[in-house]
Amino acid sequence: MNSFRGVFLIGFLVCLSMLLVAGYFQFIEHLDPCPLCIVQRLLVLVVGIVFLLGAMHNPISGGRRVYGFFVVLAAGLGAAIAGRHVWLQSVPEEQVPSCGPGLNFILDNFPISQAIDMVLRGSGECADVLWTFLGLSIPAWTLVAFVVMILVGLKQLFGRHKQPDFI
């Protein structure tokens with residue numbers, strides 16, 4: 001599928017699928033998300049919204065670059081946070097930070113700059129590997145997805161574009 005609209009629609013559907021799987025793990029399998037997981041979900045939502053808006057708009061070349069930029073930006077932030085999460089899961093047990101309060105407590109009781117810092121540092125609960133598939137944890141698969149999203153965004157940002165198809 002070479003059309004911008006089609007690629008961005010698939011990107012949206014992938015993001016929607018990721019959020020549905022996350023909801024399944026949380027509400028059916030009872031795997032509570034740590035603060036880094038929640039931030040990754042929010043960034044998947046942001047990228048999904050950019051994909052959906054881009055698919056609906058189906059712009060000509062300049063607009064495609066704008067959507068590509070925002071995909072790269074949001075997915076890049078997501079990849080950085082997922083990378084941090086994967087790193088926390090790989091450190092030796094004695095170097096894992098102690099468990100901290102939940103995200104709601106952090107947001108309710110600390111200034112936003114301190115709350116962001118606390119969330120991005122991660123805590124002991126972020127180091128727990130609760131599920132794996134093919135040897136990769138949920139944050140590792142999320143990192144893979146963010147990297148693919150970045151590649152899609154870079155293709156739109158720097159690729160050559162023909163006129164949109166209006167189908």
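Asparagine 58 is found in the loop between H2 and helix H3 (61–90). Helices here are DSSP runs of H or I with at least four residues, strands are runs of E with at least two, and both are numbered from the N terminus. The structure is a predicted model, in which local features need pLDDT of at least 70, side-chain atom pairs count only at pLDDT 80 or more, and totals for chains, interfaces and linings use all residues. Residues are numbered from 1 along each chain as its sequence is written, and side-chain values use heavy atoms, with hydrogens and water left out.

The phi angle of asparagine 58 is near 50°, a positive value in a residue other than glycine. Asparagine 58 has 5% relative accessibility and therefore counts as buried; the classes are buried under 20% relative accessible area, exposed over 50% and partly exposed in between, with a 1.4 Å probe and protein chains only. Histidine 30 lies in the loop between H1 and H2. Its phi is near 60°, likewise a positive value in a residue other than glycine. Histidine 30 is exposed, with a relative accessible area of 60%.

**Overall composition**

The protein has 6 helices and 2 strands, arranged along the sequence as α-α-α-α-α-β-β-α. Of its 167 residues, 38% count as buried. The protein exposes about 9800 Å², of which carbon and sulfur atoms supply 69%; accessible areas come from the Shrake-Rupley method with a 1.4 Å probe. Among contacts between residues at least 6 apart in sequence, 82% join residues at least 24 apart, where contact means heavy atoms within 4.5 Å.

Two packed helices are described by the angle between their axes and the distance between the axes. Axes are lines fitted to C-alpha atoms, for helices over the stretch in contact, and angles run from 0 to 180 degrees between N-to-C directions. Angles under 35 degrees count as roughly parallel, over 145 as roughly antiparallel, 65 to 115 as roughly perpendicular and the rest as oblique.

| Helix pair | Angle between axes | Axis distance |
|---|---|---|
| H1 (residues 4–27) and H6 (residues 138–158) | roughly 165° | within 12 Å |
| H2 (residues 35–57) and H6 | about 25° | 12 Å |
| H3 and H6 | about 160° | 7 Å |

H3 is therefore roughly antiparallel to H6, and H3 passes H6 in a left-handed crossing. A crossing is left-handed if the near helix is turned anticlockwise from the far one by less than a right angle, and right-handed if clockwise. By class, the contact of H3 with H6 has 15 nonpolar, 9 polar and 2 charged residues. Ala, Val, Leu, Ile, Met, Phe, Trp, Tyr, Cys and Pro count as nonpolar, Asp, Glu, Lys and Arg as charged, and the others, Gly among them, as polar.

H1 and H6 are also roughly antiparallel to each other, and their crossing is left-handed. On the H1 side, Phe4, Val7, Phe8, Cys15, Met18 and Phe25 meet Ile138, Thr142, Ala145, Met149, Val152 and Gln156 of H6. This contact of H1 with H6 comprises 10 nonpolar, 2 polar and no charged residues.

For the second pair, packing at an angle of about 25° makes H2 roughly parallel to H6. The crossing of H2 and H6 is left-handed. Gln40, Leu43, Val44, Val47 and Phe51 of H2 make the contact with Pro139, Thr142, Phe146, Met149 and Val152 of H6. By class, the contact of H2 with H6 has 8 nonpolar, 2 polar and no charged residues.
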